[in-house]
Amino acid sequence: MSNTTTEALDMRVHVPIERHKRLIQLFKELPVGEHFVFINDHDPIPLFYEFRTIFGDVVGWEYLNRGGRDWKMKVTRTEASQGREFTDISTLLDLRKADEKEWKQIVFHRYGMMEEGDVMELISAVQPKEIHGIFVRKFEGKHSWIYKKQDPEEYVVHIKKESKSGLGDDGYSIVDTFDLRPYPPTERHEMFYKGFADIKPGEAFEFINDHDPIPLYYQMEAQSKDPFKWEYIEKGPEKWKVRVIKTK
């Protein structure tokens with residue numbers, strides 16, 4: 001790979017978890033001083049923190065384009081580093097390297113990609129009480145939370161996904177259906193949240209997406225004050241259809 005201009009890798013053709021796997025492996029093999037460029041359909045900032053957590057402060061991260069479906073990033077390896085090899089965990093996030101305002105986005109975006117049985121390791125300088133509280137409220141019985149270390153300036157937590165989101169319920173009125181695929185990610189999120197805000201308890205809407213929108217489900221679980229159900233009607237690979245029910 002050359003350290004001059006490289007052809008951009010279009011990650012939009014892959015599902016989110018595959019994007020992370022491919023790019024992490026690519027950076028692992030990247031020589032010092034060289035770079036790659038990739039295109040994503042949303043701001044990949046959670047991936048930046050995952051890179052820094054795994055490889056250390058050796059990640060050059062430059063936005064070449066922002067917004068819409070064409071977020072273009074240049075990623076450079078600035079120094080050599082060993083990188084952490086995973087054995088008993090699936091992913092690692094060091095929140096000490098991130099702004100606390102971004103913790104929820106980073107954690108639940110990545111948690112949404114995890115499979116049943118996967119383990120996420122979180123490291124923080126303070127006890128992550130808000131994150132823990134969300135897991136307790138929203139994912140009771142669906143995860144385990146184990147402190148591996150509790151020192152005054154270093155907390156290490158292992159979060160295991162015990163089960164996938166439950167599906168299935170009948171007797172709800174479907175009041176709207178819309179296709180998100182023609183729209184950029186920022187507009188998709190606005191349409192989704194508006195669709196949810198517009199329905200009443202006992203009503204539902206259905207939407208179509210071009211990849212599994214499970215990270216959005218976990219963002220809703222973390223942030224929504226209204227209870228809801230999430231049902232897959234159709235599961236990929238090119239068309240994903242989901243029914244969202246505002247429960248009573």
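Helices (H or I, at least four residues) and strands (E, at least two) are DSSP runs, numbered from the N terminus.

The four strands form an open sheet in the order 9-10-12-11, with mixed pairing. Strand 9 (173-179) and strand 11 stand at the edges with a single partner strand each, so one side of each is left without a neighbour in the sheet. Neighbouring strands of this sheet are turned by 20 degrees against each other on average, direction ignored. Strands count as paired if DSSP finds at least two bridges between them; strand 9 and strand 10 (residues 203-209) run parallel and are joined by six bridges, and Phe178 stands opposite Phe207 in strand 10.

Most peptide bonds are trans. Gly236 and Pro237, however, are joined by a cis peptide bond, with omega at about 5 degrees. Pro237 is placed in the loop between strand 11 (228-235) and strand 12 (240-246).

Strand 5 pairs with strand 6 in the parallel sense over four bridges, and Asp94 stands opposite Ile123 in strand 6.

Strand 6 (residues 119-124) is in turn joined to strand 8 by six bridges, the two running antiparallel, and Met120 has Ile159 of strand 8 as its bridge partner. Strand 7 (residues 143-151) also runs antiparallel to strand 8, through eight bridges, with His143 opposite Lys161 in strand 8; a hairpin of two residues joins strand 7 to strand 8. Strand 8 (residues 154-161) is mostly covered, since six of its eight residues are buried.

Nine of the ten residues of helix 6 are buried, so helix 6 is largely enclosed by the rest of the structure. The buried residues include Ile214, Leu216, Tyr217, Met220 and Glu221.

The axes of helix 3 (residues 103-111) and helix 6 (residues 214-223) come within 8 Å and cross at roughly 130 degrees. That makes helix 3 oblique to helix 6, where angles under 35 degrees count as roughly parallel, over 145 as roughly antiparallel, 65 to 115 as roughly perpendicular and the rest as oblique. Phe108, His109 and Tyr111 of helix 3 make the contact with Pro215, Tyr218, Gln219 and Ala222 of helix 6, contact meaning heavy atoms within 4.5 Å. By class, this contact of helix 3 with helix 6 has five nonpolar, two polar and no charged residues; Ala, Val, Leu, Ile, Met, Phe, Trp, Tyr, Cys and Pro count as nonpolar, Asp, Glu, Lys and Arg as charged, and the others, Gly among them, as polar.

## His109

His109 lies in helix 3 and is buried, with a relative accessible area of 8%. Not counting residues up to four places away in sequence, His109 touches His20, His42, Pro46, Lys104, Pro215 and Gln219.

## Helix 1 against helix 2

Helix 1 (residues 16-28) and helix 2 (residues 45-55) pack at an angle of about 40 degrees, with their axes 11 Å apart. That makes helix 1 oblique to helix 2, and the crossing of these two helices is right-handed. In helix 1, His20, Leu23, Ile24, Phe27 and Lys28 meet Leu47, Glu50, Phe51, Ile54 and Phe55 in helix 2. The residues of this contact of helix 1 with helix 2 divide into seven nonpolar, one polar and two charged.

## Basis of the values

Residues are numbered from 1 along each chain as its sequence is written, and side-chain values use heavy atoms, with hydrogens and water left out. As the model is predicted, local features need pLDDT of at least 70 and side-chain atom pairs count only at pLDDT 80 or more, while totals for chains, interfaces and linings use all residues.

Key. Axes fitted to C-alpha atoms, helices over the stretch in contact; angles between N-to-C directions. Buried < 20%, exposed > 50% of the residue type's maximum accessible area, 1.4 Å probe, protein only. Left-handed = near helix turned anticlockwise from the far one by under 90°.
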